[in-house]
Amino acid sequence: MIFAGIVAGGSGTRMKNAAMPKQFIRVLDKPIIIYTIEKFAEQRHIDEIYIGIKPDWHAVMDQLLEEYGIDRSRVKVIDGGSDRNRTVMNIVDAIKAAHEIKKGDIIITHDAVRPFLTDTMIEENIIGALKYSACGTYLKCVDTVVSSQNGETIDSSLDRSTLYRAQTPQSFDITLLDKYYNELDETKKARLTDTCSIFTESGHKIHIVEGDTVNIKITTDSDLIIAKLLATRV
């Protein structure tokens with residue numbers, strides 16, 4: 001089976017004027033998270049979509065799903081965790097509670113505040129996860145990247161030909177994700193903020209799926225301005 005896990009537990013603290021978690025902010029009169037859910041709901045080969053959010057936002061999420069006509073038979077809303085990976089693993093636990101998971105079942109994890117992912121990214125993540133058991137969406141660096149230890153002076157320039165910017169989706173064989181995460185000690189669980197890192201920590205290679213510059217993560221007020229422009233194309 002193929003599952004989507006939308007991580008929506010953030011609080012939007014980097015948006016100065018946000019009165020709500022950023023995933024619920026409206027862009028052209030539609031909440032950001034609805035754009036994201038709709039992209040996965042359009043993919044009929046995805047069996048179920050799980051959304052991990054803060055418990056006190058369940059009622060708002062339920063109301064939005066009804067307002068925008070989202071098929072509730074495929075969409076489940078669950079409690080998120082204290083960080084991104086714990087939210088992902090709460091979703092994995094919910095899937096395991098509802099289904100007998102076996103090797104080859106995959107989960108496509110995605111940030112709720114990346115609403116402009118493409119169908120191609122989703123499809124290539126599915127293919128990558130089925131073939132390699134782990135893949136992530138990455139964009140080659142085109143800017144010069146430098147290193148600074150003190151935050152005041154530059155120590156060195158890095159070779160951008162080997163550097164990539166991580167995006168989502170990140171997709172995995174569920175049985176391996178569950179196994180590798182539960183093999184980590186609590187210190188490592190707290191340190192790893194990226195789900196692909198769970199696999200690399202266990203020595204498992206991550207297959208690269210090509211990202212896109214439009215697949216922005218909306219985290220700041222400036223991002224919101226860009227999102228309003230991109231939404232006119234949706």
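1. Basis. The model is predicted: local features need pLDDT of at least 70, side-chain atom pairs count only at pLDDT 80 or more, and totals for chains, interfaces and linings use all residues. Residues are numbered from 1 along each chain as its sequence is written, and side-chain values use heavy atoms, with hydrogens and water left out.

2. Phe40. This residue is found in helix α1, residues 32–41. Helices (H or I, at least four residues) and strands (E, at least two) are DSSP runs, numbered from the N terminus. Phe40 has a relative accessible area of 0% and is buried. Buried means under 20% relative accessible area, exposed over 50%, partly exposed in between (1.4 Å probe, protein chains only).

3. Surroundings of Phe40. Contact means heavy atoms within 4.5 Å. Neighbours within four places in sequence aside, Phe40 is in contact with Ala4, Ile6, Ile46, Ile49, Arg74, Ile108, His110, Leu117 and Ile122. Take His110: 70 residues separate Phe40 from His110 in sequence, and 9.9 Å in space, C-alpha to C-alpha.

4. Ring pairs. Rings of Phe, Tyr and Trp (its six-membered ring) pair if their centres lie within 6.5 Å; planes under 30 degrees apart count as stacked, over 60 as edge-to-face and the rest as tilted. The count comes to five aromatic pairs. Phe24 and Trp57 form a stacked pair, 4.8 Å centre to centre with 15° between the planes. Phe24 is in the loop between β1 (2–8) and β2 (26–27), and Trp57 in the loop between β4 (48–53) and α2 (58–67), 33 residues apart. Phe24 is buried, at 4% relative accessibility.

5. Tyr35 and Phe116. This aromatic pair is tilted: 6.2 Å centre to centre, 55° between the planes. Tyr35 lies in helix α1 and Phe116 in the loop between β6 (106–111) and α4 (119–132), so the pair ties together parts 81 residues apart in sequence. Tyr35 is buried at 7% relative accessibility. Phe116 is buried too, with a relative accessible area of 8%.

6. Charge over Tyr35. The charged end of Lys30 sits over the ring of Tyr35, 4.8 Å from its centre. The rule: NZ of Lys or CZ of Arg within 6 Å of the ring centre and within 35 degrees of the ring normal.

7. Ring cluster. Phe172, Tyr180 and Phe199 are linked into a cluster by ring pairs.

8. Lys189. This lysine is in helix α6, residues 186–191. At 9% relative accessibility, Lys189 counts as buried. Beyond its neighbours within four places in sequence, Lys189 is in contact with Asp83, Arg86, Tyr181, Asn182 and Leu184.
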